[in-house]
Amino acid sequence: MTIDKSWTTIRRRGSSNEFWNGLQHFLQMAKPFVNDRGFIKCPCRRCLNNASHQLEDLESYIFRNGFMFGYNQWIHHGEPATVNAGTMVAGPSGGIHEMDEMFDVLDDIISEDADEDAVGGPSSNDQYDDLFAALRSELYPGVSSFSSLNFLVKLMHLKVLNKWTNKSFDELLKFLKLAFPKIDLVESHYEAKKLMTKMGLGYSSIHVCKNDCALFWKENSLKDTCPVCSENQWKLQSSKRSGKNVPHKVLRYFPVGPRLKRLFATSKTAKLMRWHSTGKSKDNDVMQHPVDDKSWQEFDKRHPQFADDVRNVRLGLAADGFNPFGNMSLSYSMWPVVLTTYNLPPWICMKAEYLMLSLLIPGPQSPGKDMDIFLRPLIDELKELWVHGLDTRDAAYDNGVFRMRAALLWTVNDFPARSSLSGWSGQG
């Protein structure tokens with residue numbers, strides 16, 4: 001009798017009944033083969049049959065990490081060794097390029113959902129369908145080195161590195177489709193952005209009053225006029241001119257919590273997030289990292305419950321204005337607000353790839369004393385991270401889930417920016 005093993009290749013484990021049912025059948029098949037202590041080899045993608053767990057734990061390991069590649073003959077779990085190893089049935093994931101580097105990226109993204117679903121069974125969340133469809137799809141018939149998703153991600157990266165405009169990107173996509181009619185690629189930059197948003201690379205657009213009085217957010221989200229100055233939210237109304245309403249100002253907010261969770265989603269960065277505890281200087285007279293400063297140690301004394309778990313995140317905030325157009329004759333000031341993670345070692349925490357853009361405050365003028373209006377989304381999330389925290393998977397230690405909290409320790413800025421952040425006069 002041929003055993004259907006197609007479920008082992010399904011990537012969207014959190015929303016697949018087929019994976020869940022196949023896993024239950026596998027566990028029933030393996031049950032008679034546990035050892036006298038109740039342990040059996042674990043075929044998840046991290047244990048690789050090198051570690052053994054109790055049978056009741058096997059379910060969560062496989063559901064969280066996926067079934068290991070190449071284990072086509074289940075000789076450790078009840079399948080006779082004489083069965084031909086080539087009996088795996090091609091499933092819906094057939095055709096995926098097994099060596100595609102986007103596998104690991106998507107595994108990190110969906111692992112949090114899998115953790116939430118592992119107790120109660122698969123969910124009905126289909127938000128990743130488009131991503132897996134692009135991952136399964138060949139870029140061009142006969143081209144196995146690139147999936148459609150992999151090519152698109154690299155193309156978007158080139159766009160950012162070389163500062164292509166959205167229009168030029170659209171034109172490039174049209175040209176590629178004209179030159180290669182069978183290429184599997186999105187139609188426009190707008191569609192590419194929608195796909196990237198599902199990978200956690202999106203942001204929230206929050207409309208702002210023309211006079212920086214308030215955000216049209218949360219309690220003001222349904223209002224068309226400012227609750228403070230009564231200024232209209234829109235530049236022009238659709239009743240006067242066809243088309244969508246255009247807001248006066250738009251604040252871009254990049255949520256912090258999901259990106260902090262992703263630092264713990266891979267074992268390499270998860271281990272580095274403990275450096276401030278394991279790698280700090282043993283010499284009390286040497287300061288090589290903020291952890292060596294007295295203010296850090298004082299914070300630990302005041303908040304011992306926070307300090308007890310070294311995985312809790314310490315953040316620094318930097319903000320300043322700049323002219324994005326590179327034309328000094330044009331007066332325009334845009335303010336990025338950037339966070340750095342001080343859990344990381346000093347040779348990493350200030351690298352560009354580890355700095356997190358949290359807010360992009362629009363111009364044309366500096367926010368000045370109204371800075372607190374723009375900071376509200378970030379402050380609300382930081383309060384949530386401090387009080388309640390987030391359930392986070394720690395890839396460095398058996399993929400266990402812990403409650404991650406975060407605290408903002410310092411701000412880094414010049415005197416004019418300090419005046420804006422604190423609301424005090426200090427630059428004159």
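Predicted model: local features only at pLDDT ≥ 70, side-chain atom pairs only at ≥ 80, totals over all residues.
**Entry 1**
I looked up how the strands line up. Seven of them form an open sheet with mixed pairing, and the order is S4-S3-S5-S8-S7-S6-S11. At the edges I found S4 (215-216) and S11 (406-412), each of which pairs on one side only. I then followed S3 (residues 204-208), which runs antiparallel to S4 and is joined to S4 by two bridges. His207 stands opposite Phe216 in S4.

**Entry 2: helices on the sheet**
Next I checked what packs on the sheet. Helix H11 (residues 294-302) touches S6 (313-319) and S11, and its direction makes about 155 degrees with that of S11. Helix H14 (residues 371-387) packs there too, with contacts that include S3, S5 (249-253) and S8 (356-361). The direction of H14 makes about 150 degrees with that of S8.

**Entry 3: helix H1**
How far apart are the end C-alpha atoms of H1? I found 20 Å, which agrees with the span that 14 residues should have at 1.5 Å a residue. I also noted buried residues in H1, among them Phe19, Trp20 and Leu23. Strand S1 (39-41) and helix H2 (55-65) are included in what covers the buried residues of H1.

**Entry 4: cysteines**
How many disulfides are there? My count came to zero. Cys42 has the sulfur of Cys44 as its nearest cysteine sulfur, 3.6 Å away. Cys42 is buried, at a relative accessible area of 0%. For Cys213, the closest cysteine sulfur is in Cys229 at 3.7 Å, so this pair is too far apart for a bond. Cys213 counts as partly exposed because its relative accessibility is 22%.

Key
Residues numbered from 1 in each chain as written. Heavy atoms only, no water. Pairing = 2+ DSSP bridges. Helix = DSSP H or I, 4+ residues; strand = E, 2+ residues; numbered from the N terminus. Contact = heavy atoms within 4.5 Å. Axes fitted to C-alpha atoms, helices over the stretch in contact; angles between N-to-C directions. Expected span 1.5 Å × (residues − 1). Buried < 20%, exposed > 50% of the residue type's maximum accessible area, 1.4 Å probe, protein only. Disulfide = S-S within 2.5 Å.
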